[in-house]
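Subject: Structure for your review

Dear colleague,

Please find below the structure I am handing over to you, followed by an account of what was found in it.

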Amino acid sequence: MQIPALRSGGIIVTYRCTNRCGHCLYNSGPHRSRDYIEQQELLGCLETLRDLGCASVHIGGGEPFLNRAGLKMTLQFCQTFGMNVDYVETNGVWHCNHEQSVRQLLALKEAGLRRLLVSISPMHNACVPFRKTKGVLAACREARIEVFPWAMDFYEDLEKLDENTLHELDEFEERLGPDYRCRILERYWTHLGGRALKTFRDCFPAKAAEEIARDNGSCLELESTDHFHLDLHGNYIPGLCSGLSIRRQDLGRTLDPDLYPLLTALHEQGVGALLELGRSEFGFVPNPQGYISKCDLCTDIRGYLVRVKDVRAVELQPLGFYAGG
Ligand code: SF4
């Protein structure tokens, strides 16, 4: 397996977030470390992007705004390097009042901020009052920063509940229908990995691990670079397979199977090979309740290896992904 070129992706500047969103692919949250990308690592990321043919990138997390100085440095550095920043993601929780938000946005605009992806969803509304989201949208208008609302389709739903308080997904279900949670998946691009596996588990039938292993071959998704991420720790996250990683310096060349045995097995044979290895070498016992997808099974096996068997490997990073929460 190798990643010879990069198409479209982002840099995860921190895994820490104020929110514990139910769909978060990276298990970000307030329990994650405060670490934020440092200049040296950022330079490495930008050089890797340039060398592998990627001319622009987005800045994501975690919540990038948790370290305003770090975000400013990131934007300025990208600008100086000549790397286009498509957008910066935010959950908008930092909004206090209009004047202050406009001032903060103008300072970031000077550093290179042109477009802000503002999260708008029932999952975010469990941690961010809609009043704040609206405040960020208004501040962007005044600061003349383009907004990438993600996703506007939920604006009307959020308007139906008190904008000053927080609302769990259960409340949306009570107010807007019992199938509300599962219908989110038709309205909002959600990758079923990380915390989304738990939040949306009941929307899918469960199958036995053996059946999933039998029906799924090589994980060619690992090669996809359509929405890749590099992180602050020097990891490249292959495909959307959170919790799996390739060291940034190993991109562009064939991966050493001795250093990446799990990735190699998944890429060549699929999750069945991981199941076999988990069982034979580590005593993994599949959940008798079954799994909703191959990625669900894959995540469970990897979690067992890291949490129960203390396996430490360059391909099972960042460890914070497996820390629960
Ligand atoms: S089974 Fe594992 S390696 Fe394969 S696509 Fe899912 S998360 Fe990625």
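Asn27 sits in the loop that runs between strand 1 (9–12) and helix 1. Its phi is near 55 degrees, which is a positive value in a residue other than glycine. With a relative accessibility of 11%, Asn27 counts as buried. Please bear in mind throughout that this is a predicted model.

Arg144 also has a phi near 55 degrees, again a positive value in a residue other than glycine. Arg144 is located in the loop between helix 4 (130–143) and strand 5. At 71% relative accessibility, Arg144 counts as exposed. As background, most residues other than glycine have a negative phi, and most peptide bonds are trans.

The bond from Trp150 to Ala151 is cis, with omega near 10 degrees; Ala151 belongs to the loop between strand 5 (146–150) and helix 5 (155–159). Gln317 and Pro318 are likewise joined by a cis peptide bond, with omega about -5 degrees, and Pro318 is placed in the segment after helix 12.

I turn next to the ligand. Which residues are around the ligand? They are Cys219, Glu221, Leu222, Cys241, Leu244, Leu266, Lys294, Cys295, Cys298 and Arg302. By class, this shell has seven nonpolar, no polar and three charged residues. Helix 12 (residues 294–308) gives the most to the shell, with four residues.

Ser293 is in the loop between helix 11 (271–282) and helix 12. A polar atom of the Ser293 side chain lies 3.1 Å from the backbone nitrogen of Asp296. Leaving aside residues up to four places away in sequence, Ser293 touches Leu197 and Ile212.

Leu266, one of the residues around the ligand, is also among the buried residues of helix 10. Is helix 10 enclosed by the rest of the structure or open? Six of the eight residues of helix 10 (residues 261–268) are buried, so this helix is largely enclosed by the rest of the structure. The buried residues are Leu262, Leu263, Thr264, Ala265, Leu266 and His267. Strand 8 (246–247), helix 11 and helix 12 are included in what covers them. Just after helix 10, Gly270 takes a positive phi of about 100 degrees.

Two helix pairs were examined for packing. Two packed helices are described by the angle between their axes and the distance between the axes.

Helix 6 (residues 169–176) packs against helix 7 (residues 180–187) at an angle of about 100 degrees, with their axes 9 Å apart. Helix 6 is therefore roughly perpendicular to helix 7. On the helix 6 side, the contact is made by Leu169, Asp170, Phe172, Glu173 and Leu176, and on the helix 7 side by Tyr180, Arg181, Arg183 and Ile184. The residues of this contact divide into five nonpolar, no polar and four charged.

The axes of helix 2 (residues 68–81) and helix 3 cross at roughly 30 degrees and come within 8 Å. Because of this angle, helix 2 is roughly parallel to helix 3. Arg68, Leu71, Lys72, Leu75, Gln76 and Gln79 of helix 2 meet Gln104, Ala107, Leu108, Glu110 and Ala111 of helix 3. By class, the contact has five nonpolar, three polar and three charged residues.

Arg103 is also placed in helix 3. Arg103 is exposed, with a relative accessible area of 55%. The C-alpha atoms of Arg103 and Pro288 are separated by 54 Å, and the two residues are 185 residues apart along the chain.

His95 is in the loop between strand 3 (84–90) and helix 3 (98–111). Its relative accessible area is 6%, so His95 is buried. Not counting residues up to four places away in sequence, His95 touches Ser101, Arg131, Lys132, Gly135 and Val136.

Finally, Leu52 lies in the loop between helix 1 (39–51) and strand 2 (56–60). With a relative accessible area of 12%, Leu52 is buried. Leu52 touches Ile3, Pro4, Ala5, Leu6, Leu251 and Gly252, not counting residues up to four places away in sequence.

With kind regards

Methods
Residues numbered from 1 in each chain as written. Predicted model: local features only at pLDDT ≥ 70, side-chain atom pairs only at ≥ 80, totals over all residues. Heavy atoms only, no water. Near = heavy atom within 4 Å. Helix = DSSP H or I, 4+ residues; strand = E, 2+ residues; numbered from the N terminus. Nonpolar A, V, L, I, M, F, W, Y, C, P; charged D, E, K, R; others polar. Buried < 20%, exposed > 50% of the residue type's maximum accessible area, 1.4 Å probe, protein only. Contact = heavy atoms within 4.5 Å. Polar contact = N/O pair within 3.5 Å; in protein donor to acceptor, adjacent residues only side chain to side chain. Axes fitted to C-alpha atoms, helices over the stretch in contact; angles between N-to-C directions. Parallel < 35°, antiparallel > 145°, perpendicular 65-115°, else oblique.
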